[in-house]
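Trainee: I have a new model open and would like to talk it through. Can we start with the overall picture and then go to the rings?

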Amino acid sequence: MVHFANPDLLGSEKDFCRQYQRPILRGREPDATDKERERGETKSSELGKIVNQFILRRTNTLLSKHLPPKLVCVVCCSMSQLQTQMYRQFLDSKATRLLVNGGKQSMVLESINSLRKLINHPLLVSEKGKASKGFEDAIHLLPDETISDRRSGSRPVFDPSLGGKFSVLHQLLRYVKATSSDRFVLVSNFTSTLELMERMCMQEGWKSCRLDGSCSIKKRTQMVEEFNDPRGG
């Protein structure tokens, strides 16, 4: 974004890595020295001052004046039995032992992402036949019918009840679809989670559309207009 708005302001990619990225990341490592932490904070502050000169952040304080009151309802969902079993396998994994014994920050972030996938749905820790870090010994716990068969090309069955959050979402959508004509906007940081939502809607025969980074501006506008059209299904 910075390079697009102000080309060469932060130098080449190599210069940026040397001047900012490496010192900042090194200062955040668990084994960083006081001097490395101080240098990392200094570089982070210096980078922030440069970027904030031309990047405008529209905070919630500004936007809240023009939007209706927001109602937030936090629903705590218990893990399914399968998620609990896979989580225990993760705790006993080699990756977790390395992490507990002083692993690098990159390992911490990778493990957090793996756990986020598990909490969304167990199928997400096994994408394209490869297990997420720490779940190598837990994949065998997945039911056979949920795993795609590359030889036959058959699409696996998607079972929302295997994940606590998806189970609640599925029941909520079924109830609302049966009792009203309301529409939902489902948001996720993972495209793989969006794919599972699509599969769930297809299995239930629910009309849906997907808006992500691959959509062109023209297509985005069309999808938003169709979604907001009161005559739509």
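Mentor: We will go through the fold, the surface and then the aromatic rings.

Mentor: This is a predicted model, where local features need pLDDT of at least 70, side-chain atom pairs count only at pLDDT 80 or more, and totals for chains, interfaces and linings use all residues. Residues are numbered from 1 along each chain as its sequence is written, and side-chain values use heavy atoms, with hydrogens and water left out.

Trainee: How many helices and strands does the protein chain have?

Mentor: There are 10 helices and two strands. These are DSSP runs numbered from the N terminus: helices are H or I with at least four residues, strands are E with at least two.

Trainee: And in what pattern along the sequence?

Mentor: The protein chain reads α-α-α-α-α-α-α-β-β-α-α-α.

Trainee: What radius of gyration does the protein chain have?

Mentor: The value is 22 Å, whereas a compact globule of 233 residues would be near 17 Å. The radius is taken over C-alpha atoms, and the globule rule is 2.2 Å times the number of residues to the power 0.38.

Trainee: How much of the chain is buried?

Mentor: Buried residues are 28% of the 233. Buried means under 20% relative accessible area, exposed over 50%, and partly exposed in between, with a 1.4 Å probe and protein chains only.

Trainee: Now the rings. How many aromatic pairs are there?

Mentor: The count is three. Rings of Phe, Tyr and Trp (its six-membered ring) pair if their centres lie within 6.5 Å; planes under 30 degrees apart are stacked, over 60 edge-to-face, and the rest tilted. One of the pairs is Phe90 with Phe135, which is stacked at 5.1 Å centre to centre and 25 degrees between the planes.

Trainee: Where do Phe90 and Phe135 sit in the chain?

Mentor: Phe90 is in helix α5 (residues 81-91), and Phe135 is in the loop between β2 (130-131) and α8 (164-179). They are 45 residues apart, and the pair links distant parts of the chain.

Trainee: Are Phe90 and Phe135 buried or exposed?

Mentor: Phe90 is buried, with a relative accessible area of 4%, and Phe135 is buried at 0%.

Trainee: Why is the pair of Phe158 and Phe166 edge-to-face?

Mentor: Because the planes of Phe158 and Phe166 are at 80 degrees, with the ring centres 5.3 Å apart. Phe158 is buried at 2% relative accessibility, and Phe166 is buried at 3%.
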